[in-house]
Amino acid sequence: MENITASELAGLGVGTLLFCATIAAPKIDALISASQRSTLGMCRNCGDLKMIACSKCKGAGMIKEGSFMSFNPIEGTFQSLGARQAKVGFVSCAKCQAKGHMSCPNCST
Ligand SMILES: [Zn+2]
Ligand SMILES: [Zn+2]
């Protein structure tokens, strides 16, 4: 009786550990990379690149204008006309001046 209970507990424990490890793995990964960076004297934000990808345009430098409107017959027609109108509907990102990146707030002097 005691043996069964012990092995059951052990199995439960291993299962819980594996479960926790699976859940926590990405967090541990991020934690390690962040601590590695700080150990190496690198910026936690940008890894010493001195810049970070623009959060608004996701580094593209361009934003699709009115992307919240999924149905735009005029834009659809333009797109079907070919590459000449391919840029219709795109505007330069104002947040990063269309660079796609910004200077890291941690590193900016
Ligand atoms: Zn930085
Ligand atoms: Zn941007």
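Trainee: Start with Ser55. Buried or exposed?
Mentor: Ser55 is exposed, because it has 10 C-beta neighbours inside 10 Å, and a residue with 12 or fewer falls in that class. Keep in mind that this is a predicted model.
Trainee: Where does Ser55 sit?
Mentor: In the loop between S1 and strand S2, the latter covering 62-64.
Trainee: How far is Ser55 from Cys96, in sequence and in space?
Mentor: They are 41 residues apart in sequence. C-alpha to C-alpha, the distance between Ser55 and Cys96 is 9.0 Å.
Trainee: Back up a bit. What elements does the protein have?
Mentor: Two helices and four strands. Starting at the N terminus, the order is α-β-β-α-β-β.
Trainee: How much of the protein is buried?
Mentor: Buried residues are 4% of the 109 residues.
Trainee: Give me an example. What is Met51 in contact with?
Mentor: Beyond its neighbours within four places in sequence, Met51 contacts Cys46, His101, Met102, Ser103 and Cys104. Met51 itself belongs to strand S1, residues 51-53.
Trainee: Why does Met51 count as partly exposed?
Mentor: It has 16 C-beta neighbours inside 10 Å. Buried would need 20 or more, so Met51 lands in the middle class.
Trainee: What about Arg44, where is that one?
Mentor: Arg44 lies in the loop between H1 and S1. Arg44 is partly exposed, since 14 other C-beta atoms lie within 10 Å.
Trainee: How far is Arg44 from Asn106?
Mentor: The two are 62 residues apart along the sequence, and 8.3 Å apart in space, C-alpha to C-alpha.
Trainee: What is phi at Ala98?
Mentor: Near 65 degrees, again in a residue other than glycine. Ala98 is in the loop between strand S3, residues 90-92, and S4. With 15 C-beta neighbours inside 10 Å, Ala98 is partly exposed.
Trainee: Now confidence. What does pLDDT average over the protein?
Mentor: The average is 74, and 68% of the residues score at least 70.
Trainee: Where is it lowest and where is it highest, by element?
Mentor: Helix H2, residues 73-81, is lowest with a mean of 53. Strand S4, residues 101-103, is highest at 92.
Trainee: Which residues stay under 50?
Mentor: Residues 83-87 do. The model has three contacts for that stretch beyond four places in sequence.
Trainee: How should I treat coordinates where pLDDT is low?
Mentor: Don't read them in detail.

Methods. Residues numbered from 1 in each chain as written. Chains lettered and ligands numbered in written order. Predicted model: local features only at pLDDT ≥ 70, side-chain atom pairs only at ≥ 80, totals over all residues. Contact = placed C-beta atoms within 7 Å. pLDDT = per-residue confidence, 0-100.
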